[in-house]
Amino acid sequence: MLPAMLLASCSEEGASPLDAYPESGLEKQVAHDRMVIGAKRSNPYSVANMRKAYASLYSTRAEYEEEELEEIIPVTDYYVRFLPSDMDDFARLEEMGVELTDFPLDCDIVEEGDYYQDPEIEEGHISWQYAVVPSDFSFPNDIEFEILDECCIPDDPEEGYSYEEEDCYEEEEAEEDPESCETRSASSVDWRALERMAFECSGNTDLLEPGTRAKSKPSGKITITDNGINGKTVGVAGVKVMANVFVKLSTTFTDASGNYTFPAKFSAKPNYRLCFKNTKGFSIGLNTILVPASLSALGKGSPEGITLNVNGSSDAALYRRCAVNNAAYEFYDKCQKEGITLPPRNLRFWIINKLTPSSALMMHHGAFLDQGMVSNYLGVYNLAVQIICPDITIGSKGSSYDYASLYSDTVHEMAHASHFIKVGTDYWNKFSTYIISTFLMTGDCYGTGNGENAGYCEVAEMWAYYIENAFYTSRYGSSPQRGYNLWFKPQIFTDLEAGGVTKGEISEALKTTTTSIDALKSELLVISPSHKTLINNTFKRYSK
């Protein structure tokens, strides 16, 4: 797997990526902490425990028949686990709206972590995925599943469930003595009190928080310190936040400023996590081989919510993920503002801390390396790469807490992704093939601009370095001028923009037929004829 990523990587200044080759295996280098699971607890939200709590809380109503109790405390959800056979199964469950976790929800967590691998499942295979689904859920016939518990999970502990109580139930008794069978006023279950009693009845009293702390829906703010802007704090934008107490699992997303509010309330301290799926449609992940989005455990917090600032003292993996998340989120916004073609949705990011180069492989969207050229080199890794299919890899060696560097690399690769969606897989395969063959022959990813398909590389890298420098300048106030000393010249675009050609017009020129610097110039002359003199003079100034 690593050779494939290395060979197709963009390496700053065109250097060989081999100096960044990790000292040991990929899994060890990119895996974060593995969760340690402890003893199984009795689930307070099981219908058995909720009905037991009801009998304890409302002892005068204990004479209800089983059928009536089933109406008062119904089965609202099932706690289940699925065993997807492949990523297609995994994706299908997510498309059905199932919120999957790879750890059991009714066990103590001895050590928090980003992922859990069931010891009964062989490493490298999808582990059991746990979920809570509504009672009317239609289970797919071809995906293995197991119902672990029938649950009653109230939507809101403050909202009652109305029903009428009567002193007698038989019509004959009512006819004999009507006054003895008067109907009481409608009342409702105190769901908050019932939920707390269920914790007591299930032996989980130690987990309860004071009742006053469970009156509101958890809310807070997730921010990150950008050390490139004098320590400015910005929101972690559009990221999923998860909270659970046993099988009561709730999710929400942060807004552009990092604010969030959950739809559910909790009587105990929830476990909070960030799941790096974003509202813009991308995910950041490589915890285990077949988990598409990373989880960062934040630990237990108040039922009122948590506020967190991610900074240089925080966990390094969490910082990297938040910085890349923000860079990608901002890229989508800037594309819409500048008229640039948006990258494809459902992008898969990997952040690899032991590699320096980054890449836009676009494999999840159909691009792949020339098998005939590299099959002997990749060997057994071919299958693994096809299964995992990353789109973008971010090499973060040496930049774990460097927001500006992570931002720059992410924007560069996102610019490639924006280019990819315009030109397709055939174009991208030729671009990648040039980089591979040049590396094999010279040890340098970009080479000197000679050889077959060099024009693909020239156009693609001009665009990516140009956008990287432009967006970096917009954010930080000055251009790093990355790529300016390479044989292709991203500063051509910089000069054209200074003269009035827009980023949107340059993006429009990136077509399937734009496979050389001459073709690029011709497209720009058609798209922006009013800047003919500027275009001709600029290309001439930087001609070889």
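What follows is a tour from a sheet to its neighbours, then on to rings and charges.

Before you click, know that this is a predicted model, in which local features need pLDDT of at least 70 and side-chain atom pairs count only at pLDDT 80 or more, while totals for chains, interfaces and linings use all residues. Residues are numbered from 1 along each chain as its sequence is written, and side-chain values use heavy atoms, with hydrogens and water left out.

**Stop 1: the sheet**

Show the cartoon and find the open sheet of three strands, ordered β4-β2-β5 with antiparallel pairing. Strands here are DSSP runs of E, at least two residues, and helices are runs of H or I, at least four residues, numbered from the N terminus. Two strands pair if DSSP finds at least two bridges between them. Colour β4 (129-134) and β5 (144-151): these are the edge strands, each pairing on one side only. From one strand to the next, the twist averages 30 degrees; the axes behind such angles are lines fitted to C-alpha atoms, for helices over the stretch in contact, and angles run from 0 to 180 degrees between N-to-C directions.

Now select β2 (residues 77-83), which is joined to β4 by six bridges. Look for V80, standing opposite A131 in β4.

**Stop 2: R81**

What does R81 lie over? It is the face of W128, at 3.9 Å from the ring centre. A charge sits over a ring if NZ of Lys or CZ of Arg is within 6 Å of the ring centre and within 35 degrees of the ring normal.

R81 also forms a salt bridge with D118, with the closest N and O atoms 3.9 Å apart. (A salt bridge is a side-chain nitrogen of Lys or Arg within 4 Å of a carboxyl oxygen of Asp or Glu.) D118 is in the loop between β3 and β4, so this pair ties together parts 37 residues apart in sequence. R81 counts as buried at 16% relative accessibility, and so does D118 at 8%. Buried means under 20% relative accessible area, exposed over 50% and partly exposed in between (1.4 Å probe, protein chains only).

**Stop 3: K40 and D106**

Jump to K40, whose salt bridge with D106 has its closest N and O atoms 3.3 Å apart. K40 lies in strand β1 and D106 in the loop between α5 (87-95) and β3 (107-111), so parts 66 residues apart in sequence are tied together. Is K40 buried or exposed? K40 is exposed, at 60% relative accessible area, whereas D106 is buried, at 6%.

**Stop 4: aromatic pairs**

The whole structure holds 26 aromatic pairs. Rings of Phe, Tyr and Trp (its six-membered ring) pair if their centres lie within 6.5 Å; planes under 30 degrees apart count as stacked, over 60 as edge-to-face and the rest as tilted. Select Y45 and F199: this pair is edge-to-face, 5.9 Å centre to centre, with 90 degrees between the planes. Y45 is in the loop between β1 (36-40) and α3 (47-57), F199 is in helix α7 (residues 191-201), and 154 residues separate them. Y45 is buried at 1% relative accessible area, and F199 is buried at 0%.

**Stop 5: Y407 and R475**

Finish at Y407, where the charged end of R475 sits over the ring, 5.3 Å from its centre. Both Y407 and Y476 are buried.
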